[in-house]
Amino acid sequence: MANRSSINSTLLQVSELVLHFRTSKGVVQAVDGVNFTLNANEAVVIIGESGCGKSSLAKAILRLLPRNVHRYAGKTFLYGLDIMALSDEEFRRTIRWNRIAMVPQAAMNALNPVTRVGDQVAEPLMIHQGMKKARALEKAVEMFRLVGVPEDFVYRYAFELSGGMRQRVALAMALVTSPDLIILDEPTSALDVLTQANIMNQLKRIKKEMGMSFILITHDIATSSELADRVAVMYAGQIVEVGDAQRFFQEPLHPYAQKLMASVPRLRETKDPDFIVGQPPSLINPPAGCRFADRCHRRFERCAEEPPTVEQDGRLVKCWLYIEDGVNQGDADYSRRQD
Amino acid sequence: MTQTTVDAKIETNKLQTKMDEHIERTEGASPDRHAQGALLSVRNLHVWFELRRFGFGHAGYVRAVDDVNFDLKVGETIAIVGESGCGKSSLMKTILGLHRPTQGEIFFENRRLNDFSRKELQWYRTQVGYVQQDPYGALPPFMNVRRILQEPLIIAGVKDLAEREARIRKALEEVKMSPVEEFLPKFPHMLSGGQQQRIVIARAMILNPKLLVADEPVSMLDASVRVEILRLLRALQEAHNLAVIYITHDLSTVRYFSKRMMVMYAGQMVEQGEVNELLSNPKHPYTQALIAATSDPDAANAMKFRDVPPGEPPSLVRPPSGCRFHPRCAQFIADLCDREIPPDFEVGSGHRARCWLYR
């Protein structure tokens, strides 16, 4: 398909995506009505703490579902095509890895120990594009160069590589079919500071040179800012704020996002970081109304009802503070407190 | 006898002499014994692990810790910063008495840890608390909170049941797990990550140690609880005038927790000093690289590439000659850095760096 540089710049649109799991204790509402869009050559970062459903969101987009799915609904459009409506076989053949690839969490520890890493990188080409092995291996070498792995490493096994190198190999596996979108699930969380900075540099270069789009899922806010064009904050299965990275990092809108930003220790500032009292609600029986209300410092009566998502100067936020007839001007209050 | 084993034998002898030479030299270099008034003194500490080929043939040493020196006073906090494989965990385990030093000495209250008997080690372990990195892995899943906290008291020989119970309650209150009644019968899997880490801290504190060793105590926790746990540790440190060794790879939490820090690279201490001074004015090229690679949340980060030294940390079996950072260093001085091991240079008040740039 030649529409990578299509007139329509919206690459992916996720609308009311729902993914619930059945467990022995009840239904876990891991992803509960998520909406966001992603433009071509853009990186959106999904920030959230453990258990907020961010990895489930990635799986829901790629339709990599476990067996205990209770409810899977919503729409996902790739270039305007509803990919949720495709049959499983069609999705596997045309979308997965050809258009959307993924670097799963801890991918570096999931490489096949008995296959050479070069063969593993070449494999998607042979399976998804029916390429001959020799040609696929050539492509793999090209990818190794791109992600910064020495070329002769194609003949090595995973155990012969360091963590950083293995993570790059996992990235090469996602890149090799030149998909339009790569979903990265915690790509650097187990790596050292220098390796982490190195891989983020590599991702920036790939984004610039290949015009690729990324969804970066992470809990590490500082590192996420290395790649982010836009930021989405997830809390208890829902996205509570989406907006431009520039403005998000300066002044987040949602009280949870504000608290979360304040809890990041900073190297170049001496200000003491803060923390959020309490813990996220269980996703089995999430509270009615705003799910953050219990821990929120700006809670009022209205928070007992589920807040709508509203636009506040170009950003979307799911909070009653920004509803006109509520106790509005939440964001003016916030800037006043900042002074 | 195969060729491999013969080779291995020859290699053993070579390495043995090499090791002896190396150690004699460093011993001669700094003959000073433990500092007066220090709670913990680490002198010329080497921790080497023997590598074996197929279980018996000798294949060299992993030089996990090589010539580390520092002192820790009562009530002082020091952070040890380094990447994985730099030897910080081996250093920590040796301080905890879990590994024997290959060479060098550790003094605790002027007593030499190297020759502690079993009995003395038992006493030593009541004096030193240990906070593990992964709280869920560190708590036995089949014990409830009461049982977990009883364990150290039983081992330390606290026989009186009422006293045990009182101390357990006090420890839980100190880590702000209240109401205590509610938590005592709970098992680790019923607690959140932050609560589990509080139990680990309570267990480390229950025998009133003088020194606390915290190995990445917050790296497994979520951002929003991290600071809460760090504050708790700081409050305990102040309340009990504890000496703390805080081991971390995360530079951004160091300032927040400790007064002094040391940076390790490939088994060696490369720089140490007061935290604010060291972070604002790093001297060693490795420390400079670490600081440059650490990001603060800022949208401007996405616009620029970060400077990262090329390559990866070296193997500790055959570390590079001279300064171990020299193959990756941009300020490398030919014929010096690759030949001579840099000594500790004084680069500021209480600020020392092992780098030839400051000769």
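Is the crossing of H5(B) and H8(B) left-handed or right-handed? The crossing of these two helices is right-handed, a crossing being called left-handed if the near helix is turned anticlockwise from the far one by less than a right angle, and right-handed if clockwise. This is a predicted model, in which local features need pLDDT of at least 70 and side-chain atom pairs count only at pLDDT 80 or more, whereas totals for chains, interfaces and linings use all residues. Residues are numbered from 1 along each chain as its sequence is written, while chains are lettered from A and ligands numbered from 1 in the order in which they are written.

Chain B as a whole has 12 helices and 12 strands, where helices (H or I, at least four residues) and strands (E, at least two) are DSSP runs numbered from the N terminus. Of its 359 residues, 43% count as buried; a residue is buried if 20 or more other C-beta atoms lie within 10 Å of its own, exposed if 12 or fewer, and partly exposed in between, with C-beta atoms placed from the backbone. Two residues are in contact if their C-beta atoms, placed in that way, lie within 7 Å, and among contacts in chain B between residues at least 6 apart in sequence, 64% join residues at least 24 apart.

Two packed helices are described by the angle between their axes and the distance between the axes. Helix H5 (residues 145-155) and helix H8 (residues 193-205) of chain B pack at an angle of about 25°, with their axes 8 Å apart; axes are lines fitted to C-alpha atoms, for helices over the stretch in contact, and angles run from 0 to 180 degrees between N-to-C directions. H5(B) and H8(B) are therefore roughly parallel to each other, since angles under 35 degrees count as roughly parallel, over 145 as roughly antiparallel, 65 to 115 as roughly perpendicular and the rest as oblique. From H5(B), the contact draws on Val145(B), Ile148(B), Leu149(B) and Pro152(B), and from H8(B) on Ile199(B), Ala202(B) and Arg203(B). The buried residues of H5(B) are Val145(B), Ile148(B), Leu149(B), Gln150(B), Pro152(B) and Leu153(B), and what covers them includes H6, H7 and H8 of chain B.

Most residues other than glycine have a negative phi, and most peptide bonds are trans. The peptide bond from Ser178(B) to Pro179(B) is cis, with omega near 0°, and Pro179(B) is found in the loop between helix H6 (161-174) and helix H7 (180-183) of chain B. Glu216(B), in the loop between strand E7 (211-215) and H9 of chain B, has a positive phi near 45°, and it counts as partly exposed because it has 19 C-beta neighbours inside 10 Å. Asn241(B), in the loop between H9 and strand E8 (243-248) of chain B, has a positive phi of about 50°, and with 10 C-beta neighbours inside 10 Å it counts as exposed.

The contact between the chains takes 34 residues from chain B and 39 residues from chain A. On the side of chain B that touches chain A, the elements giving two or more residues are helix H9 (223-240), helix H10 (254-257) and helix H12 (285-293) of chain B, and H9(B) gives the most, with six residues.
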